[in-house]
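Reader: I'd like to learn how to read strands, cores and ring pairs in a model like this one. Could you walk me through it?

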Amino acid sequence: MPAGRMARPLRIDVAGAWYHVMNRGHRAAALYLDDEDRRRFLDAVAELPERFALEVHAFVLMDNDYHLLVRTTEANLSQAMHWLNVTYAVKFNWAHRCRGAVFQGRFKGVLIQEQSKAVEVARYIHLNPVRIGGLGLSKSDQRKARVLGCDNPGRELVRRRLETLRSYQWSSWRIYMGLEPDPAWLETSVIGRACGGGSRTERRAALRAYTEQPVRQGVLDSPWEGLVGGVVLGDRAYARKLLSGRKVNEEEQTPARRMRRRLSWASLVSAAEKLRGERWEQWAERHGDWGRDAVMYVAVRYGGLRLAEVVREVGMRYQAAAQAAKRFGQALAGDPRRKRFVSKLQHELSTI
């Protein structure tokens, strides 16, 4: 290797795995110059589930970096993150009439072996907005607290910390707390249920207590103990297999990977026809009928198909299909008929 050049960080692309993904602005410069930039970035993130079958579970946008918690269904994380960074960089440069690098380099990705650790990483991501000196929670503050202990922060400082956390707009924390609408592209079911069952209100209260407890105490525990080789958060035997390039056994794959099967478009259409009692041709293009969009949504979200494959089957333009599937997903929460249809279609497909 030429002198002065550093080795590129390892990339481990595994299907059905959790990852913490982050990147910074070039030379520590701001990644977002205004809120329009932040919206542009999130618009690109919103396309990841449809383009790459990538689940997005948590996010935060800071001034000069971003953090994502994602789960793959295919071994394509590098491809997805390359697309995200290039797409945003092009939009950023176009919007601000500039040229050159936007990111400091390739993304950094840490593979997370256990779902319980992924929940800890979600907390780490959500607490980024309060890791600042003005609130006594900066890196130097935390180092001092670990050596000398943490003083009682007092009610006023705790109030300021919680207000900062809960009011921060560019994080999925407000979505988890019900303060912002739940976008179709954000998968909230796993983290939302991680701290207990019961009603939605009870689950939110449990997740709030878990996430905000370190803010009240003043010690933000790091989830990175057990990090192996800088790229795997898990036990050493599992990490050694991945770092050596050996295939991980099926038993070691995450439940999401074991449960997910790649379905054919024909089987999806056949199941939908059975539920509706009509041939696809009778309702796929019917004005006001959301059946076609529902099948596209299920195909990408649960059927292991990429949107590009669905587009070829349906005969639509890519962007039109992406918007149709996205609109259907956004309407799900408020439409019991759509929710019942998706649930029945998933059940029908599980018997194939």
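**Strands, core and rings**

Author: Let's start with a pairing: strand 2 and strand 3 run antiparallel and share 6 bridges. A word on the source: this is a predicted model, where local features need pLDDT of at least 70, side-chain atom pairs count only at pLDDT 80 or more, and totals for chains, interfaces and linings use all residues. Residues are numbered from 1 along each chain as its sequence is written, and side-chain values use heavy atoms, with hydrogens and water left out.

Reader: What counts as a strand, and what counts as a pair of strands?

Author: Helices (H or I, at least four residues) and strands (E, at least two) are DSSP runs, numbered from the N terminus. Two strands pair if DSSP finds at least two bridges between them. Here, strand 2 covers residues 55-61 and strand 3 covers residues 65-71. A hairpin through 3 residues connects strand 2 to strand 3, and Val56 faces Val70 across that pairing.

Reader: Which strands does strand 1 pair with?

Author: Strand 1 (residues 18-24) pairs with strand 3 in the antiparallel sense over 7 bridges, with His20 partnered by Leu69. Strand 1 also runs antiparallel to strand 4 (residues 108-112), joined by 5 bridges; there Val21 stands opposite Gly109.

Reader: Okay, on to the cores. Which residues have the most contacts inside the largest nonpolar core?

Author: The general idea is that in soluble globular proteins, nonpolar side chains tend to be buried together. A nonpolar core is a set of buried Ala, Val, Leu, Ile, Met, Phe, Trp, Tyr and Cys residues joined through side-chain atoms within 4.5 Å. The largest one here has 74 residues, and those with the most contacts inside it include Val21, Phe41, Tyr66 and Leu69. Helix 3 (residues 77-96) gives the most to this core, with 8 residues. Another core, of 32 residues, lies apart from it, with Trp290 and Leu305 among them.

Reader: What does Phe41 touch beyond its neighbours within four places in sequence?

Author: Contact means heavy atoms within 4.5 Å. By that rule, and leaving those neighbours aside, Phe41 is in contact with Tyr32, Leu61, Tyr66, Leu84 and Tyr88.

Reader: And how do I read the aromatic pairs?

Author: Rings of Phe, Tyr and Trp (its six-membered ring) pair if their centres lie within 6.5 Å; planes under 30 degrees apart count as stacked, over 60 as edge-to-face and the rest as tilted. This structure holds 15 aromatic pairs. Phe41 and Tyr66 make a tilted one, 4.8 Å centre to centre with 40° between the planes. Phe41 sits in helix 1 (residues 35-45) and Tyr66 in strand 3, so the pair ties together parts 25 residues apart in sequence. Phe41 counts as buried because its relative accessibility is 0%. An edge-to-face case is Trp265 with Trp280, at 5.6 Å centre to centre and 85° between the planes. Both of these Trp residues are buried.

Reader: Which residues do ring pairs link into a cluster?

Author: That cluster consists of Tyr32, Phe41, Tyr66, Tyr88, Phe92 and Phe103.

Conventions: Buried means under 20% relative accessible area, exposed over 50%, partly exposed in between (1.4 Å probe, protein chains only).
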